[in-house]
Structure formats: structure tokens, C-alpha cells
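Visitor: I'm new to this one. Could you walk me through it, and tell me how you know what you tell me?

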Amino acid sequence: MSTLSAIKKLPTGIAGFDQITAGGLPEQRTTLLAGTAGSGKTVMAAQFLAEGIRQFGEPGVFVTFEETPQDIRQNLLSLNWQVNTWEAQNQWVFVDASPTHNGEVIAGAYDLDAFLARVAHAVQKVQARRVAMDSLGAIFVRLPDPLTIRTELLRIASALKQMGVTAVMTAERDEEYGHITRHRVEEFVADNVIILRNVPEEEKRRRTIEILKFRGAFHQKGEYPFTIIPNQGIVLIPLSAIELKQRSSNKRISSGNMMLDAMCDGGFFRDSIILVSGATGTGKTLMVTEFTARNIGAEERCLLFAFEESREQLFRNASGWGIDFEQMEAEGKLKVVCEYPEVTSLETRLIEMKTIIQEFKPTRVAVDSLSALERVGTMRSFREFVISLTSYIKHQEITGLFTSTTPSLMGGTSVTEAHISTLTDSIILLRYVEMHGEMRRGITVLKMRGSQHDKEIREFTIDQQGMHIGNPFRNVVGILSGQPIQVDPHELEPPTHINKNANLPRHQQL
Amino acid sequence: MSSYVFKLYIAGTTPNSQAAVANLQHICQEHLGTAYELTIIDVLQHPQLAEEAKILATPTLVKESPVPIRWIIGDLSEKRAVLAALGLPFRTTSEK
């Protein structure tokens, strides 16, 4: 009995793609890349070769049916890929099947032997391991005999297999959800089908990639968002591929405020995500500022992404609370990144933030505010962004502090919270409390995973030294719902309540 | 008298290739006598030549001269189409 071996995968080197495909493309097979115009087919086909050269030293053949090699060289230059350099090094070779002849006539039966011979020649010439063909639609226009072309494609796919190369073929689709390809090529080279989409959603475009099938091989199901950025090309944003295996640490770090540390039973966990929610002006930016500047360990570095205020405003605010951001940046302990949320899409934003985190290697990351990014993408994009960012930060064992602005001044929750609250380890609420005709501020720790915490709603004030957390609000109910009502103290006596510090561990009682 | 220059790209000895050679020779004898030059290129032996000439399908007949250059794809069994592409008059057997 012969033993059949499982289908091997060839790592593509495309960021995130090898995770969702559980190892890459099926080796020595042809995979169909189907997509509408502008869905990124050509980029992905070219990137398959580019990463082969850059990461694995595997030469490739690019067969172009539509654009001339010169056009492709030029287009890929916008991603900073120097195709002509690779050509000079015999790592990349073009087979030019673009329509250059004008006076073509069909007069009898034909096949694509000449084409196949050219591809085989090119593969041999550079000892190619990868072949990309872009895009099949053009050949159907040129040779008006679909049956012959389909049969020939099947023959080409099997010839490629015999050459031992792994190939991708791109094909057009007419609609995002419908027939796989315009010319039904999937019926012929359909063992492996990947679909690229560029779907308009709430007036924004969202790129996704889906592995429709890998015959006989495992892959993740569903659509994965991706973005295209210079130098890197296509970058996938894996969601389910991110394993939930973050180590949980028992190490605590200071929140930047001693009293808040006490409320959190000794500070935040080092690899936790904390969400600070509050209306505008309740002190979220102050909390962020203290988190990035106060009680910072000698080895710690803080990274602050600010999407609501300018650098000048932030630095001025900080100095108003007695914190010198400029000095900290000069010492390399802090990096402040200020940008308008609208500058880029969420997908690209995520990749950029990850890159900055990778380069700066912070121990703390603050985002002020996360809700400012809400309006940039669709709900789905935003949710994916939050999931991906939080899991990345936790994975790096970084403490993350995100702020979320609630739409109403009194109480209320925001969309951000709906998406992020289950992903965060701790939630801190900042609320306005109207009492005796004046606005006061309250803070409470709503949740803290894996730890005891103070359950009281405490009053706090803000002055030149920063935030001062004081005593719990007594005889007020309904603060969180935004309708504080003062009641007679006697009505509030809980039956077993004797010590107001009962919830705090003994050594931290206030 | 104009002189015809042909290049015929074929793939080994496939039926299409053999038919194309025979059909072309027949047409030339009938219409051009000896006033033509024909080079037969086997793409399996010389893929580089097929690459340079950007030949996709086989057989492909290229009429390089007289201008305009024409590419005729197929085994040349559709005589009327071949003659039209070559700029030669189509004559029925009875006229001959």
C-alpha cells in the first residue's frame, strides 16, 4: 500500500496570509485569485513573487496577459518594489503575453503550446519556484474560443505542477458576491480558490480576502480585512488567527495615581487593557497623562497615541499638571504621536500603530481617544481594529490604557464601549455628578479582571498637581445612570454594611 | 512583384502543427508560386524565439512582408480567412 502524503503548503511571506491559510499556498498547485477590478489581484500576484525573492530566495516568473511588463514595473514601483533589479539578478522574469499584435486573425484549430513553452522556458531560465499569471480575462478576449482556452488552462495548470512550481492565476469577477469568475475558469482550475473583495460599506471601501477552498487542506474560513501599504504590499489583519494565549502576569504597575492604585488593589496588571470611559472634560486625558508620566519605572517607556488634541495642546495640558512631556521625550522615555483620525483607514492605522510599537518598544501604550477612531471606518472595521490592537498589545505584554468619550455628559455609554468592554481587563468610569447646584466629578472602578477592587464611587478634583481622588459619594444614588439623586443617609444603610472600606484589602484600607 | 516573407510557429509534431505546414504550403503553391520565403520555427526547440515574437498560440503564421504585418492563428484550415488576411483573392476551384 502506498502512503499518500498530505498537501504541503508553501509559505507566501505575505503578512498574515500564512496564518489564515495555516502555512501558505498549497505547494506545487495552482491557486485561483478571483476579484473585481481594483480588488488587489495584481498586487497579490506580484507580492507572491516579491516575498518569495525577498524572504525565501525563491525566483519567480510573472506572466502578464493584460498590462505590459513596463507598466507592471512602474506600478510596483509605487510599492517600492524594484522589479528591474530582481530581473537583473535573474530572480524575476516576465513572460509577456500582453496584447501587442493588432492584426490577429483566427483561421483554424489552435492550442497554447507556444505559451506553455515560453512559461517552461522562463521557469527553467531562473529556476523558478513560483509563477504568477495576471490576469486570465484578457486571454479570453483575445482568443474567442472559451472552450479551447479552458481546456488549455487545465493543461497549463497540470504542466505547472509537473514543473514543480506553485502558481497563482488571477481572474476577474463581475460582482462581489456572485459567480466566482467572469469566464468560469474556476470550473477548470478550481482546486484552490481565493477571493479578494473591495466592498463599499457605509460610503467607505473595505478590502477583504477569503479562502473559498483549498482542496484537501485546512484553512481559516470567512473574510479577513486587509490593507495595501508601501514596502509591504498586502497586509492581512488576522482576527481569529490570533490565539488567545497571552500569558497573564501578576506583576502590577502604577496607574500614575497612588489613590487609583489603591482602588485597583495595588495598580494595573502589567499586561492588561484598561478602558477609561467618560464624557468630555471629565479628566480622561489627565488620566492618560498621569499614566504615561507618573510613577514610571526606570526601565519603562511610554507611547501615547493622541487623536483628539494637538501636540501643543497635550504638552501644555501636561505642564499645567506639573508634567514635562518635552523633557520625557528628550530622555527617550516617552513618544507622543498626534494625528487626525481621518488621515488614514483603520486597517492602515492598525499596521502603522503596530509598526510604531515595534520600533519604540514601549512598556505602556495609551490611546486618547479610541472613540475618535470610531467615525473613520464602518462598525465592523472598528470592531476588528479594536480586537486586533488589543490582542497585539497584550501579546507584547504591554499595559494599554484606552479612553472612550461618552456621547452624553451625564452617564451613558458609547459605541466604543459596546465593542471593547469585553476585551478589556479593567474599566474605569469618570462621571459628572450634579450636587447642590455644582458639577463635581466621580470615579469608579467598574471591573478589574483577576483582582479585588474598590466598589465605591469616589469624588475627585483636578488641580495643578493633577487628579486627587477623595471620599466616596455618600447619600447620592443614580450617578452612573446620569441622574444623581440625593437621599437621606438613613435610607442608604445597607443591612450588613459596617465598614465602608470592607471591599479593600486590609493593608490598603483608606 | 511583391515578395512574401513568412514565419510559421509550430509546436513539434502535433496534428495542428502538421496541418498548418501542409495547408500553408498548399496555399503558397496555389497563389505565390516560388515568390515567398518561409521559416518554420518549432517553439519547443526554440522557446526564446517564441518569447521574442510574443507568440501565444500555436500554430501562428506571421506575415512579415509585405506590410502590414499579420498574425494568423490556427491550423490554416479556414482557407478563406487565411487568404483574406494575406491580401490574396479567394478563387473557387471552378474559376481555376
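Guide: A word on naming to begin with: helices are DSSP runs of at least four residues, strands are runs of at least two, and both are numbered from the N terminus. With that naming, Pro59(B) sits in the loop between α2 (47-52) and β3 (60-65) of chain B. Bear in mind that this is a predicted model.

Visitor: What kind of peptide bond joins Thr58(B) and Pro59(B)?

Guide: That one is a cis bond, with omega about -10 degrees. There is also a cis bond from Val67(B) to Pro68(B), where omega is near 0 degrees. Pro68(B) lies in the loop between β3 and β4 (70-73) of chain B.

Visitor: How confident is the predictor in chain B, going by its mean pLDDT?

Guide: Chain B has a mean pLDDT of 88, and 92% of its residues reach 70 or more. The model scores ipTM 0.92 and pTM 0.71.

Visitor: Over to chain A. What makes α12(A) roughly parallel to α13(A)?

Guide: Again, look at the angle. Helix α12 (residues 346-360) and helix α13 (residues 379-395) of chain A cross at roughly 10 degrees, with axes that come within 10 Å. Because angles under 35 degrees count as roughly parallel, α12(A) and α13(A) get that label. The crossing of α12(A) and α13(A) is right-handed.

Visitor: Which residues bring α12(A) and α13(A) into contact?

Guide: Among those on α12(A) are Leu346(A), Leu350(A), Met353(A) and Ile357(A), while the α13(A) side includes Phe382(A), Phe385(A), Leu389(A) and Tyr392(A). The whole contact has 9 nonpolar, 3 polar and 3 charged residues.

Visitor: How do you know that α5(A) and α7(A) are roughly parallel?

Guide: α5(A) and helix α7 (residues 146-162) of chain A pack at about 20 degrees, their axes 11 Å apart. That angle is under 35 degrees, so α5(A) and α7(A) are roughly parallel. α5(A) passes α7(A) in a right-handed crossing. On the α5(A) side, Asp113(A), Phe115(A), Leu116(A) and Val119(A) make the contact, and on the α7(A) side Glu152(A), Arg155(A), Ile156(A), Ala159(A) and Leu160(A) do. Those residues divide into 6 nonpolar, no polar and 3 charged.

Visitor: What is the phi of Gln127(A)?

Guide: Gln127(A) has a positive phi, about 55 degrees, although it is not a glycine. You'll find Gln127(A) in the loop between α5 (113-126) and β7 (130-134) of chain A.

Visitor: How many residues of chain B and chain A are in contact?

Guide: 28 residues of chain B are in contact with 27 residues of chain A. Between them, the two chains bury about 2300 Å², with 57% of it on carbon and sulfur atoms. In chain B, the residues losing the most area to chain A are Leu56(B), Trp71(B) and Ile73(B), together 34% of what that side buries.

Notes: Residues numbered from 1 in each chain as written. Chains lettered and ligands numbered in written order. Predicted model: local features only at pLDDT ≥ 70, side-chain atom pairs only at ≥ 80, totals over all residues. Heavy atoms only, no water. Axes fitted to C-alpha atoms, helices over the stretch in contact; angles between N-to-C directions. Parallel < 35°, antiparallel > 145°, perpendicular 65-115°, else oblique. Left-handed = near helix turned anticlockwise from the far one by under 90°. Contact = heavy atoms within 4.5 Å. Nonpolar A, V, L, I, M, F, W, Y, C, P; charged D, E, K, R; others polar. pLDDT = per-residue confidence, 0-100. Buried area = accessible area lost by both parts, 1.4 Å probe.
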